[in-house]
Amino acid sequence: MSTINQSGWRPTAPEAGESSTATFTGNRALMLEEPLIFEIGSSDTTGVDFAEAPKAASRLGGLERGKAIGLPGLSEPETVRHYTRLSRQNYAIDLGLFPLGSCTMKHNPRLNERMARLPGFADLHPLAPVDTVQGALEVIDQLAHWLVTLTGMHAVAMSPKAGAHGELCGVLAIRAALEAKGEGHRKILLVPISAHGTNPATAAFANFTVEDIPATEDGRVNLEALKARLGPDIAGVMITNPNTCGLFERDMKAISDAVHAVGGYVYCDGANFNAIVGRVRPGDLGIDAMHINLHKTFSTPHGGGGPGSGPVVLSEALAPYAPLPFVEKTEDGYRLVEEETAGEHHAGSFGRMVAFQGQMGMFTRALTYILSHGADGLRQVAEDSVLNANYILRSMEDVLDAPFANSGPCMHEAIFSDDGLPEGFSTIDIAKGLIDEGYHPMTMYFPLVVHGAMLVEPTETESKAALDQFIGAFRSVAARAKNGDPTIKTAPHFAPRRRLDETLAARKPVLAWKEPVAEAAE
Ligand SMILES: *Cc1c(COP(=O)(O)O)cnc(C)c1O
């Protein structure tokens with residue numbers, strides 16, 4: 001195999017005796033090696049030609065840059081090819097099934113994209129006069145109405161820009177409500193161990209103390225343990241439902257009642273709403289605040305840190321503390337309620353989560369998705385996502401340990417563990433094996449309550465044929481691990497990179513490119 005040598009990006013030819021399948025370029029057919037842009041670029045190449053600047057006396061008082069800033073210079077075709085090659089190294093939902101549990105990587109209907117790109121939505125300026133953007137405000141208001149109706153809640157804060165950001169919004173509303181009642185001394189948020197990792201992180205970030213609540217054998221919140229911990233120091237609970245084990249928390253109403261009885265509030269992590277949309281109204285379960293990941297339940301492209309949107313539905317008790325701004329329908333059209341215009345009625349608002357109104361592109365996509373599905377179509381989303389996950393669970397349980405297989409049907413994701421794999425084989429081997437099969441791996445080692453967890457979420461947008469092909473690959477890889485096949489320990493064999501030192505990458509990340517120092521001649 002040729003290697004990228006130290007002094008530059010140019011590969012070295014395969015050495016004599018190396019496999020005859022090694023290539024000079026390092027490329028493998030259409031799988032193209034791509035160096036860093038700094039390694040390709042040179043300061044004497046540029047994609048644009050500027051005329052020499054006219055001589056003028058400097059007015060920078062000696063602060064002019066003394067040497068080149070070290071940006072890579074590339075011609076236009078070099079630049080285009082660099083980014084096109086990089087883009088081909090992505091795995092994407094548009095390429096294949098993306099079983100990344102907890103992330104709801106569903107197909108993004110192209111209709112959403114058409115709508116989001118309409119200039120009237122896409123080219124708005126957040127400070128445009130309100131009477132020129134009435135249509136956009138109507139989109140926000142209509143979407144808000146759907147979210148409130150689907151969840152059976154009282155109000156919704158639209159502006160948070162991700163699930164975790166929505167959690168922060170909800171928890172800040174809880175804090176504001178407690179302080180308004182003179183109960184700011186309640187500092188403890190109870191978080192079951194089956195909660196998503198962002199829940200305790202959010203609670204801590206908002207200055208609450210986090211206490212764990214254990215799970216029962218069957219993977220749900222231990223109601224008795226929770227009740228035993230309730231008291232006057234408890235601000236509330238944060239519960240992920242359906243939880244990260246892919247199970248519905250059946251005791252949710254009992255949990256809410258118990259928490260309310262001691263004066264606390266109930267936060268529900270609703271990122272998994274996909275599994276219950278149209279079937280369960282969280283408001284009926286006594287929830288006070290819940291974020292919805294528009295970028296999961298209502299499609300819209302995400303992953304790799306792409307744009308998200310995490311509106312938070314609120315109970316009547318928390319609605320007065322909602323962040324500003326929000327859209328209000330009046331007789332003369334839509335208006336934005338902001339600090340200057342809020343008045344008495346919204347004086348309790350805890351403040352602002354974002355500079356403007358939130359993610360307009362996500363709002364447009366989500367509303368398009370909702371309107372094109374309709375109420376019955378959304379219910380079908382939940383049913384099909386649960387059906388698909390159970391199909392995977394039941395198709396795999398004879399080759400992989402499924403710790404909650406006896407806890408009833410799973411919701412929209414199926415969970416497996418590395419129990420029963422031979423010594424030396426683990427979840428990571430199965431994940432790497434799936435890469436060779438052309439799939440992005442499932443979520444691994446999460447949730448923490450399951451040893452060597454593999455969390456698989458197919459979503460409702462996969463056909464039975466696509467599920468069968470994935471199951472075939474997953475079964476084959478799992479069987480290889482189970483039989484101790486040594487070749488799976490070195491997978492992936494067909495990817496541009498094999499096994500990386502992930503610990504080193506996490507502990508000592510190299511975040512900036514440095515020009516390699518020329519090695520001294522021997
Ligand atoms: C995705 C997810 C989150 C976080 O959402 P982001 O938009 O990534 O911040 C929180 N909880 C659960 C259960 C999730 O699946």
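Predicted model: local features only at pLDDT ≥ 70, side-chain atom pairs only at ≥ 80, totals over all residues.

Reader: Noted. So which hand is the crossing of α6 and α7?

Author: The α6/α7 crossing is right-handed. The contact involves A164, E167, L168 and V171 on the α6 side, and T198, N199, T202 and F205 on the α7 side. By class, that contact has four nonpolar, three polar and one charged residues.

Reader: And at what angle do the axes of α6 and α7 cross?

Author: Roughly 45 degrees, with the axes of α6 (residues 163–180) and α7 (residues 198–205) coming within 9 Å. That angle is why α6 counts as oblique to α7.

Reader: OK, what about α5 and α11, how do they pack?

Author: Their axes are 9 Å apart and the packing angle is about 45 degrees, so α5 and α11 are oblique to each other. The crossing of α5 and α11 is left-handed.

Reader: Which residues of α5 meet α11?

Author: From α5 you have A136, V139, I140, Q142, L143, W146 and L150. Among the α11 residues they meet are M360, F363, L367, I370, L371 and L378. By class, the α5/α11 contact comes out at 14 nonpolar, three polar and no charged residues.

Reader: I was also looking at V148. Where does that sit, and is V148 buried or exposed?

Author: V148 lies in α5, which covers residues 134–151. Its relative accessibility is 19%, and the cut-off for buried is under 20%, so V148 counts as buried.

Reader: What does V148 touch?

Author: Leaving out residues up to four places away in sequence, V148 touches M153, H154, A155 and V156. There's also S315, 167 residues along the chain from V148, with 9.9 Å between the two C-alpha atoms.

Reader: Switching to sheets. In what order do β10, β11 and β12 come?

Author: The order is β10-β12-β11, in an open sheet with antiparallel pairing. β10 (414–416) and β11 (443–444) are the edge strands, each with a single partner, so one side of each has no neighbour in the sheet. Between β10 and β12 (residues 454–456) there are three bridges, and A414 stands opposite V456.

Reader: Which helix packs on that sheet?

Author: That's α11 (residues 360–396), touching β10 and β12. The direction of α11 makes about 30 degrees with that of β10.

Reader: And β4, is that strand enclosed or open?

Author: Seven of the seven residues of β4 (residues 234–240) are buried, so β4 is largely enclosed by the rest of the structure.

Reader: What pairs with β4?

Author: β2 (residues 188–192) pairs with β4 in the parallel sense over three bridges, and β5 (residues 265–269) pairs with β4, also in the parallel sense, over five bridges. V237 in β4 stands opposite L190 and opposite V266 in β5.

Reader: Last one, the whole chain: how many helices and strands, and how much is buried?

Author: The chain has 14 helices and 12 strands. Of its 522 residues, 46% are buried. Along the principal axes the C-alpha trace spans about 80 × 75 × 45 Å. As for contacts between residues at least 6 apart in sequence, 70% join residues at least 24 apart.

Methods
Residues numbered from 1 in each chain as written. Heavy atoms only, no water. Axes fitted to C-alpha atoms, helices over the stretch in contact; angles between N-to-C directions. Helix = DSSP H or I, 4+ residues; strand = E, 2+ residues; numbered from the N terminus. Parallel < 35°, antiparallel > 145°, perpendicular 65-115°, else oblique. Left-handed = near helix turned anticlockwise from the far one by under 90°. Contact = heavy atoms within 4.5 Å. Nonpolar A, V, L, I, M, F, W, Y, C, P; charged D, E, K, R; others polar. Pairing = 2+ DSSP bridges. Buried < 20%, exposed > 50% of the residue type's maximum accessible area, 1.4 Å probe, protein only.
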